[in-house]
Amino acid sequence: MAKLSTEDLLDAFKELTLIELSEFVKKFEETFEVTAAAPVAVAAAGAGAAAPAEEVEEKTAFDVVLEAAGDKKIQVIKEVRALTSLGLGEAKALVDGAPSTVLEGASKEAAEKAKAQLEEAGATVNLK
């Protein structure tokens with residue numbers, strides 16, 4: 001069978017009725033085990049992105065990332081141990097391995113509190 005170009009396929013589809021085209025799409029989905037609805041969902045999501053910024057959902061889970069330990073490394077290790085359930089060796093490894101994540105998926109309040117505690121101990125911290 002000769003390979004059809006995109007233009008040839010489009011010309012063939014133009015000749016089909018909507019019912020015939022719908023049946024073709026169903027058969028195509030069954031044959032190749034795909035769904036043609038995904039591009040429609042993406043197009044709808046793209047249209048939603050043009051909506052006003054006030055509809056943007058506020059982030060509720062934050063990661064507390066230790067960027068650098070600073071001069072008071074021992075104090076930072078103590079704060080990391082207080083914020084997590086890590087032992088001394090694990091906390092030291094986390095601080096030595098900076099940048100590293102101290103807390104994952106924390107609430108905004110907990111993340112800000114942890115950031116404040118770590119910064120008070122001399123660390124550089126970011127919330128993501």
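A residue is called buried when its relative accessible area is under 20%, exposed when over 50%, and partly exposed in between (1.4 Å probe, protein chains only). The model is predicted: local features need pLDDT of at least 70, side-chain atom pairs count only at pLDDT 80 or more, and totals for chains, interfaces and linings use all residues. Residues are numbered from 1 along each chain as its sequence is written, and side-chain values use heavy atoms, with hydrogens and water left out.

**Exercise 1. Describe the chain as a whole.**

Step 1. Of the 128 residues in the chain, 17% are buried.

Step 2. The chain has six helices and three strands; helices (H or I, at least four residues) and strands (E, at least two) are DSSP runs, numbered from the N terminus. Their order from the N terminus is α-α-α-β-α-α-β-α-β.

Step 3. A contact means heavy atoms within 4.5 Å. Taking contacts between residues at least 6 apart in sequence, 66% join residues at least 24 apart.

**Exercise 2. Work through the aromatic cluster formed by Phe 13, Phe 24, Phe 28 and Phe 32.**

Step 1. Rings of Phe, Tyr and Trp (its six-membered ring) pair if their centres lie within 6.5 Å; planes under 30 degrees apart count as stacked, over 60 as edge-to-face and the rest as tilted.

Step 2. The structure holds three aromatic pairs. In one of them, Phe 13 and Phe 24 have ring centres 5.0 Å apart and planes at 50°, so this pair is tilted. Because Phe 13 lies in helix H1 (residues 6-14) and Phe 24 in helix H2 (residues 18-32), the pair ties together parts 11 residues apart in sequence.

Step 3. Phe 13 is partly exposed at 27% relative accessible area, and Phe 24 is partly exposed at 35%.

Step 4. Phe 28 and Phe 32 form a tilted pair, 4.8 Å centre to centre with 45° between the planes. Both lie in helix H2, four residues apart, about one turn of the helix.

**Exercise 3. Trace the salt bridges of Asp 96, then locate the one between Glu 119 and Lys 115.**

Step 1. A salt bridge is a side-chain nitrogen of Lys or Arg within 4 Å of a carboxyl oxygen of Asp or Glu. The structure holds three of them.

Step 2. Lys 73 and Asp 96 meet at 2.6 Å, N to O. Lys 73 is in helix H4 and Asp 96 in helix H5, so the pair ties together parts 23 residues apart in sequence.

Step 3. Lys 92 also forms a salt bridge with Asp 96, with the closest N and O atoms 2.7 Å apart. Lys 92 and Asp 96 are four residues apart in helix H5, about one helical turn.

Step 4. Glu 119 and Lys 115 meet at 4.0 Å, N to O. Both lie in helix H6, four residues apart.
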